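Here are my notes on the model you asked me to look over. I've kept them to a handful of points you can check by eye.

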Amino acid sequence: MMIRKIALTGALLQLLLVASASAQCTIRLSGTITDTDTKQPLSGASITVKETGLAVESDAKGAYSLEGLCPGAYTVRISHVGCVPVEIAWQVSADERRNIALPHSITQLQEVAVTGHAAKEVTTAPVETLSGRELDKTRGLTLGESLKRVNGVTTMTTGPNVSKPVINGLHSNRVLILNNGIRQEGQQWGSEHAPEVDPFLANKLVVIKGAGSLRYGGDAIGGVVLAEPKPLPVEPGLGGEVNIAGFSNNRLGALSAILEQQVPKVPGLSWRLQGTLRKGGNTRTPDYWLDNTGVEEFNFSAAVGWKRPNYGVELFYSQFNTSLGVFEGSHIGNRGDLEEVIKQQRPLPEYTEGFSYKIDRPYQHIEHELFKIKSFLNTGKAGRLNLVLARQFNYRDELDRSSALSVNQMNLNLTTYNGELVWDHHTWKGFRGTVGVTGMYQENSYKRRLFIPNYESLQWGAFWTEKWESADNKWLVEGGIRYDHKDYYNLGDNLGEVHYPEQDFSSFSGSIGAQYRILDHFHVSLNAARAWRAAAVNELYASGLHHGAAVYVDGDPYLDPEVASKFNASLHYDISDRLEADVNLYYNYIRNFIFQQPTDSIVTTIRGAFPYTYYRQSDVSMKGMDAQLRWHFLPKWQLSTKASILRAWNESDNDWLIAMPSDRFEHELTFFPGNTKRLKENYISVSVSNVLKQTRTPANLTDKSDPRGQDLMAPPAGYNLLNLEAGSTLQIGQQPLSVIIGAGNLLNTRYRDYMNFFRYFADEPGTNVYLKLKLPLQFGKTKS
Amino acid sequence: MTTKFFVFAAGMTLLFAACKKEKNETPTENANEEITTLKLTFTNAANAADKVVANWKDMDGAGGTNPVIDPVSLKANTTYNVTTELFDERKNPADTVTNEIEEEGAEHRVFHLFFTNPGASVADSLTNVATVTPQDKDENNLPVGLDITMATKTAFTGFLRVVVRHQPGNKDGTYAPGSTDVLTEFPLEIK
């Protein structure tokens, strides 16, 4: 009976479900093994992947290389005569280099951290990863806020609850977000539409800067963000993780839990359940509360995978639900009201009364649902075939402030189907690569107020990428090409009265890059890419009063695609744990860059006058540098410094480009007190973030001396924020409990940010004290 | 057993927790209620036959064609009874939005202001053009402003601005609280 049921379940899963680990089985892990004490390379160390039995030895220089791994969670064991063998839990999703130091004598604590610093993914494009402790530090924040830890990533915000990642000045439709491998198709119609992703789902956030990520789409002019969950467990046992975070400023609490299991009696069958609750109230600036800025969020996901050596399927379902209060003081009547608020320099007292969890009008309610089937089939020794099918559904409800005089409400329904068929080929004469086709169908319908019309869209693409590494590991060359076609059709309003011109776009994208390892600890990468992006629906067809922004927005159905040519040069230098330096220089020339141009014209409506803005195109150049340095200058002390500099120039107007982040710097000093019997991985850090005033904004054409330029208000002053944080891992019984406690904006500094749309209305939040706990769970896990 | 339970739970979750989907089945119900017209009726208090009617009308809503605005011409040193009405004339029959302001009188205040220049700041409104006295009161005994008397003074050329302020919970008789629901300007001549 039991067996029959399990067999039935298995068969059902096989029928229904999806492939796991769709990405390439061509991954290489490499690095150097050294002695912790002498820092000398260790030759003849044996490196074994326990799950697959793959074993290699380090060479005379201590170098090792494990090839042909599929994405997944592995345990890598490293041993050497006279050293304590170590085991590293390694979650693998792409090529990585990791230097490993082996403790020399038995007298040392066996728990000593054996991994080097954060592993570097091997690619010619600038890539940064948040995982482990760095990711723990962001728990409880939105995706956009979490990504701010990555150098060169800033945010574009609309008040305390809505933030979108900005990579080297580019955002919204120019940044692709892959939620568990699926291109997030939400409603990115404006600055106040944040990505609908639960960051607790991911145990790794990867930012690929630049346009070279052809695998994910030719339109990632700004870059790609990957929110990647841990692969499903492969070792029998029930496990999980609980995360709790609390923040003082808006009294926000977040609780997230994961439960997962590899079903012991059914080889290859694993499942995971995950859920998140977040609830916060009004935010407080140093001087006043922002009424109606609460947030409620409820997310969950479920995954089941069945994996055999040569084939597998994985089924994934997730839902993201949020309600966001919108500060009522930001929903103003017309331009006159806006000018009044700017003049007052603070919101009217009726909008700053006190704390509450209540969410009133105006508010947004958003639901996002993802259903995905992933499957793979090994094609002999040559490679592996992956098929992914997904459906996404996005519902957005926006309610304006309540008034008897208008039903200011808008509902949007966006349904997206996408699929991809991809073949990864294994190493052949040093080449590894991927070839694939992708397709997407999308349908949008709205209710009540017209802002984005009803439409359908069809997109398909084909790509081919290859990577070549020299036998001595010194050279890495990669390149690829992609073709995409996109159509918008059946555009109209719900009464069938308005019809918009249909549009279709198609073009090639490509990228090429090379990396040369000059020394073991020093490498140089160059990367060039061409990418293009079809204008988005809001840029083409949006028309009307922009909710709360007090501007009239006019789309242009005849916008040309943006074409970006991007060049990256990066240097990476690291000496084990001592010193690490990264410099990335970029130059991005974008033809037909689409942006919202403010004007002096006024649209007269029954509600009064509104400034007229329209989507226009210019040729622009963006050049800049992201640099960071980590220096372990004393055994227990570390200094790290980040700098992010951007110059964005409108070549067509021969002036600065509007709405670009200013230069910023961050300095952090960390003290590691060392382990005690109960407390491990301890640190205390103090950091200063320094954001300069954006002085590079386009001038007002009729009055060049006007400090406001083309804006309604001059950019706010620069600011410095002081932050303090401490963390530790406590051993509670068999379970390690990770604790992080800290305070953001410790000095309660009053400031406004140029990239926050709320800069017109209100100050940024004041001091925010937080506590974050993470407890990994294991229930009777059988140790192998 | 645990395993079976969780597989079952996962299945149930998938089945029952589907998202809200609001397909639009009744497209004609979409049209937002929008005000197309603000109508002012000036009746000479001394001579009911002496009437001036002025409309501010924008049939296609924000954007599109410009609104049609009637100029207002009044006599100097004359008292007028003035009513302000709002309509959605895209509905048939036209919807009288004025009723909704009356119902929510405690949240609304209608102002009639005078300016030399269009679009001028509220602080620049002129008090020497005419004396405006509201004739209607809300439940808190504060004026609403839909019915007023306007006693003109000497000759003047400029603009009459009619503003409906939405002041939920904070109406105190002054202009500042709340936000603007309606703002229209008429060219005004007093002679």
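1. Start with the aromatics: this is a predicted model, and over all chains it holds 30 aromatic pairs. Take Phe298(A) and Phe300(A), whose ring centres are 5.6 Å apart with the planes at 40 degrees, so this pair is tilted. Tilted covers the range left between stacked, under 30 degrees, and edge-to-face, over 60. As for accessibility, Phe298(A) is partly exposed at 41% relative accessible area, whereas Phe300(A) is buried at 10%.

2. Another tilted pair is Trp637(A) with Phe671(A), at 4.7 Å centre to centre and 40 degrees between the planes. Trp637(A) belongs to strand 38 (residues 637-650) of chain A and Phe671(A) to strand 40 (residues 664-671) of chain A, so the pair ties together parts that lie 34 residues apart in sequence. Trp637(A) is partly exposed, with a relative accessible area of 31%, and Phe671(A) also counts as partly exposed, at 26%.

3. Phe327(A), Tyr351(A), Phe757(A), Phe758(A), Tyr760(A) and Phe761(A) make up one aromatic cluster. Two of these names, Phe327(A) and Tyr351(A), come back among the contacts of Asp291(A).

4. So what about Asp291(A)? You'll find Asp291(A) in the loop between strand 22 (289-290) and strand 23 (295-308) of chain A. Asp291(A) is buried but has no salt bridge; Arg284(A), the nearest side chain of opposite charge, is 8.6 Å away, and a salt bridge would need to be within 4 Å. Leaving aside neighbours within four places in sequence, the contacts of Asp291(A) also include Asn282(A), Glu328(A), Glu350(A), Thr352(A), Glu353(A) and Gly354(A).

5. Two charges over rings deserve a line. Arg384(A) lies over the face of Phe376(A), 3.7 Å from the ring centre. Lys772(A) has its charged end over the ring of Tyr770(A), at 4.6 Å from the centre.

6. Last, helix 4. Which residues of helix 4 (residues 335-344) of chain A are buried? They are Arg335(A), Asp337(A), Leu338(A), Val341(A) and Ile342(A). These residues cover an arc of only 160 degrees around the axis, which puts them on the same side of helix 4 of chain A. Their cover comes from both chains: it includes strand 36 (579-605) and strand 37 (608-634) of chain A, along with strand 10 (156-166) and strand 11 (179-190) of chain B. Just after helix 4 of chain A, Gln345(A) takes a positive phi of about 65 degrees.

Notes:
Residues numbered from 1 in each chain as written. Chains lettered and ligands numbered in written order. Predicted model: local features only at pLDDT ≥ 70, side-chain atom pairs only at ≥ 80, totals over all residues. Heavy atoms only, no water. Helix = DSSP H or I, 4+ residues; strand = E, 2+ residues; numbered from the N terminus. Buried < 20%, exposed > 50% of the residue type's maximum accessible area, 1.4 Å probe, protein only. Lys, Arg positive; Asp, Glu negative; His and termini not counted. Contact = heavy atoms within 4.5 Å. Phe/Tyr/Trp six-rings, centres within 6.5 Å; stacked < 30°, edge-to-face > 60°. Lys NZ or Arg CZ within 6 Å of the ring centre and 35° of its normal. Arc of directions from axis to C-beta.
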